[in-house]
Amino acid sequence: MTNLMCNDRQQHTIVLGGAGFIGSHLCRMLLKEGRHVLCIDNLSTGSLSNISSLFANPSFRFLRHDITQPFPSEVSQIEFLTEIYNLACPASPLRYQQDSVHTLLTSVIGSINALNLASYTGSRILLASTSEVYGDPEISPQSEDYHGSVNTTGPRSCYDEGKRAAETLFSDYYRQYGTDTRIIRIFNTYGPNMDSEDGRVIPTFINQALHGMPLTINGDGSQTRSFMYISDLLSGIRRVMDADIPALPVNLGNPEEVSINQLADIILQITGSNSEVSYRPLPIDDPLQRCPDIVRAQKLLKNWQPTISIERGLRLTIESTKLH
């Protein structure tokens, strides 16, 4: 496990969960910026196919590793390591409920391991938290000052509470040890390379529409989400990492609300599918409304805001899905 990364004076970055949907896009962007990138993933939900095109790049390395376990000593010895992005956790309810205990451990023990690495190397570290820390919200839109309404014992708690605990760790490591931490709360994000089998609504609807299957909607479809295209998220992530806002949570999402029924209609229209729509019971603790307040992001991140409309983003995602 030698030469995980080239020890030249070029800046080095670690992306935990780098073979996942968001992580693989982030790895690709960082390489374009001229950084050396070490992608670490246990491949429980990430896929080598997401990063296969990156292996030919001499500035890219991959390590299969579960962050609930201590990092190999070679990782802490990487020279000029300046940034760590912690995206390592299953993000879809279907996936994170399959091994709920490990999901919680990934957020808690994994964050401790990542924070210890950042502290030892003097790296800045960013936590990819989630809008799920707000639970089933009692207010809308949700600002970073809202503390949420979360069920601590339900089937989604392993993810929701795990991310809340990770935020606490990132905040306490900053206060207690001076670790240079960043926290983002990601709202629903979509784009090319999403796993069509992981249960999230956009890849599920697209897959069903393209194959002429009924679009399955949980509940009556009136519940809303705020969908952001992957490129808008990436620009927000980079700005948070670069900004002087240690341990301050920042919402990254699109404040335009779309009901699940509206989403289904848009996808059917773009694909030209004749698929019907079917309804099934709403899962336990599934939030009825999700909308970000992005005032903090706009103030602190050089007027950052999403620029890709839901229609354009879905067209790009559907076109990519057809090619694969």
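Analyst: For a pair of packed helices, the axes are lines fitted to the C-alpha atoms over the stretch in contact, and the angle between their N-to-C directions runs from 0 to 180 degrees. The structure discussed here is a predicted model, in which helix H9 and helix H11 (residues 310-323) pack at an angle of about 55°, with their axes 10 Å apart.

User: Why is H9 called oblique to H11?

Analyst: Angles under 35 degrees count as roughly parallel and those from 65 to 115 as roughly perpendicular; the angle of H9 with H11 is about 55°, which falls between these two ranges, so H9 is oblique to H11. The crossing of the two helices is right-handed.

User: Which residues of H9 and H11 meet, and what makes some of them count as charged?

Analyst: From H9 come Leu263, Ile266, Ile267, Ile270 and Thr271, and from H11 come Ile310, Glu311, Leu314, Arg315 and Ile318. Glu and Arg belong to the residue types that count as charged, and the contact as a whole divides into seven nonpolar, one polar and two charged residues.

User: How do you describe the packing of H7 against H9, and what class of angle does it fall in?

Analyst: Helix H7 (residues 201-210) packs on H9 (residues 260-271) at an angle of about 40°, and the axes lie 10 Å apart. On the H7 side the contact is made by Val201, Ile202, Phe205, Ile206, Ala209 and Leu210, and on the H9 side by Ile260, Leu263, Ala264, Ile267, Leu268 and Thr271. By class these residues divide into eleven nonpolar, one polar and no charged.

User: What makes H5 and H6 roughly parallel to each other?

Analyst: H5 and H6 pack at an angle of about 15°, with their axes 8 Å apart; because angles under 35 degrees count as roughly parallel, H5 and H6 are placed in that class. Their crossing is right-handed. The contact includes Ser107 and Ser111 of H5 and Lys163 of H6, and by class it has eleven nonpolar, seven polar and two charged residues.

User: How many cavities of 30 Å³ or more are there, and what lines the largest cavity?

Analyst: The count comes to one cavity of 30 Å³ or more, and about 30 Å³ of space lies in the largest cavity. Its lining consists of Asn86, Leu87, Ala88, Cys89, Thr106, Ser107, Ser111, Leu127 and Lys163, with the largest share, three residues, coming from helix H5 (residues 100-121). These lining residues divide into four nonpolar, four polar and one charged.

User: What is the space in the second largest pocket, and how do its lining residues divide by class?

Analyst: About 210 Å³ of space lies in the second largest pocket. Of the 13 residues that line this pocket, Glu144, Tyr146, His147, Glu167 and Arg185 lie nearest its centre, while helix H6 (residues 157-177) gives the most to the lining, with three residues. By class, the lining has five nonpolar, two polar and six charged residues.

User: What makes the peptide bond between Ser140 and Pro141, and the phi of Ala247, worth a separate remark?

Analyst: Most residues other than glycine have a negative phi, and most peptide bonds are trans. Against that background, the bond that joins Ser140 and Pro141 is cis, with omega about -5°, and Pro141 is found in the loop between strand S5 (124-130) and H6. Ala247, although not a glycine, has a positive phi of about 60°, and its place is in the loop between helix H8 (230-242) and strand S11 (249-252).

Definitions and conventions. Residues are numbered from 1 along each chain as its sequence is written. This is a predicted model: local features need pLDDT of at least 70, side-chain atom pairs count only at pLDDT 80 or more; totals for chains, interfaces and linings use all residues. Side-chain values use heavy atoms; hydrogens and water are left out. Helices (H or I, at least four residues) and strands (E, at least two) are DSSP runs, numbered from the N terminus. Contact means heavy atoms within 4.5 Å. On a 1 Å grid over the protein atoms alone, a cavity is a set of points where a 1.4 Å probe fits but cannot get out, and a pocket is an open set with protein on both sides within 12 Å along at least five of seven lines; lining residues have an atom within 4 Å of a point. Grid points are joined across faces, edges and corners, and a volume is the space filled by probe spheres set on the points. Angles under 35 degrees count as roughly parallel, over 145 as roughly antiparallel, 65 to 115 as roughly perpendicular and the rest as oblique. A crossing is left-handed if the near helix is turned anticlockwise from the far one by less than a right angle, and right-handed if clockwise.
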